[in-house]
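Open the model in your viewer and switch to a cartoon view.

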Amino acid sequence: MHMADSLVSPAVAGTMYAASGFAAAYGIHKLKQDEDLKKKIPTMGVMGAFVFATQMVNFTIPGTGSSGHLCGGLLLTSILGPYAGFISMIGVLLIQCLFFADGGLLALGGNIWNMAFYGCFIGSLIWKAIMKNGMSKRKIMFASVFGSVITLQMGAFSVVLETLLSGVTELPFGTFLAVMQPIHLAIGAIEGLITSAVLCFVYEARSELLWNPDKINKKEGRLSYRKTIAVLVCLFLLIGGGISLLASANPDGLEWSVQQITGETEIEGSSDSIYDKTGKIQEVFSFLPDYAFKDNENTTGTSVSGIVGCAITVGLLYGIGYIIKLSSKRKRE
């Protein structure tokens, strides 16, 4: 559901950057007050890389000719809490945009809002309400599916609304909405099943890793903390470096929706200078555009993209986490 620059106007893009920036500033402020931040930093890196890897794997939506991928906001917030989860999602989306040209640079503020804000903040409200009287696998499965469906529906609606307010395309609001919501309902349901599988594994292996604001009904884990993290590391390397090669070639939910209306998966961008400048910036930074070697269709580029992207994500989120931790320590002193 990464929006391209061609869907948004500079005014809407600027507004979404401001909204996402405010949410990020608030998230950082809250993280500085989090006494468990030091413990969360390694998990931020690992889970951020896990989301990066899983977003590379598009799964086919049967009978539609479309595909979808995990957004990951709810998954991150269910483990890290809403603030660390949101900052981690920003890191993932920033890396995808700059280094892999996945989603437009002008549209990045909107993509953060649509994919990270709802998944992390609205998702956290759903997770907290369902886990109020203690966790169980049944609750985790329900929260994963229900939360993924609701937050993805909100994100899809925001995409349509931002496109309408931008006024740079001729996509009719009613028709665009009518194709976007149902396809993302299906994608959200599948994301919920994937999310529940991951969270149920974490619950059985090391339940203390799950975000549990009420601190009740703790379950003794079957694996140590290190072994659980090691399994997750192996999983994101396997997904990014290998399983990503099996990703569906069908257009994702947003591209498919545009195709149903225009006949094409992409809309031609404007020739205005700001679009040209943001496009050139992406060209400079994106050394593996579309998760492949430039001007080379060798599938090795996909595996390299997965492994390199995961490594960059781990490093960036570790760095962000420690900077926030150091700044909070200095503030107390």
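Angles between axes under 35 degrees count as roughly parallel, over 145 as roughly antiparallel, 65 to 115 as roughly perpendicular, and the rest as oblique. Keep in mind that this is a predicted model.

**Stop 1: α3 and α4**

Select residues 73-80, helix α3, and residues 82-100, helix α4. Their axes come within 7 Å and cross at roughly 140°. α3 and α4 are therefore oblique to each other. The crossing of α3 past α4 is right-handed.

Now show side chains. Which residues of α3 meet α4? They are Gly-73, Leu-76, Thr-77 and Leu-80. On the α4 side, look for Pro-82, Ala-84, Gly-85, Ser-88 and Met-89. Colour this contact by residue type: five residues are nonpolar, four are polar and none is charged.

**Stop 2: the core around Phe-86**

Stay close to hand and pick Leu-75 and Phe-86. The largest nonpolar core has 90 residues, and these two touch the most other members. Which helix gives the most to this core? Helix α5, residues 108-130, does, with twelve residues. As general background, nonpolar side chains in soluble globular proteins tend to be buried together.

Centre on Phe-86 and list its contacts, skipping neighbours within four places in sequence. Ser-20, Ala-23 and Ala-24 are among them.

**Stop 3: α1 and α5**

Next, select helix α1, residues 10-32, and keep α5 on screen. At what angle do α1 and α5 pack? The angle is about 40°, with the axes 8 Å apart. That makes α1 oblique to α5. Their crossing is left-handed.

Show the side chains again. From α1 come Met-16, Tyr-17, Ala-19, Ser-20 and Ala-23. They meet Leu-108, Gly-109, Gly-110, Ile-112, Trp-113, Phe-117 and Phe-121 in α5. This contact divides into nine nonpolar residues, three polar and no charged.

**Stop 4: Glu-264**

Finish in a loop. Glu-264 lies between α9 (253-262) and α10 (273-285). Is Glu-264 buried or exposed? Its relative accessibility is 51%, so Glu-264 counts as exposed; the cut-off for exposed is over 50%. Select its contacts too. Leaving out residues up to four places away in sequence, Glu-264 touches Glu-255, Val-258 and Gln-259.

Technical notes:
Residues numbered from 1 in each chain as written. Predicted model: local features only at pLDDT ≥ 70, side-chain atom pairs only at ≥ 80, totals over all residues. Heavy atoms only, no water. Axes fitted to C-alpha atoms, helices over the stretch in contact; angles between N-to-C directions. Helix = DSSP H or I, 4+ residues; strand = E, 2+ residues; numbered from the N terminus. Left-handed = near helix turned anticlockwise from the far one by under 90°. Contact = heavy atoms within 4.5 Å. Nonpolar A, V, L, I, M, F, W, Y, C, P; charged D, E, K, R; others polar. Core = buried A, V, L, I, M, F, W, Y, C linked by side-chain atoms within 4.5 Å. Buried < 20%, exposed > 50% of the residue type's maximum accessible area, 1.4 Å probe, protein only.
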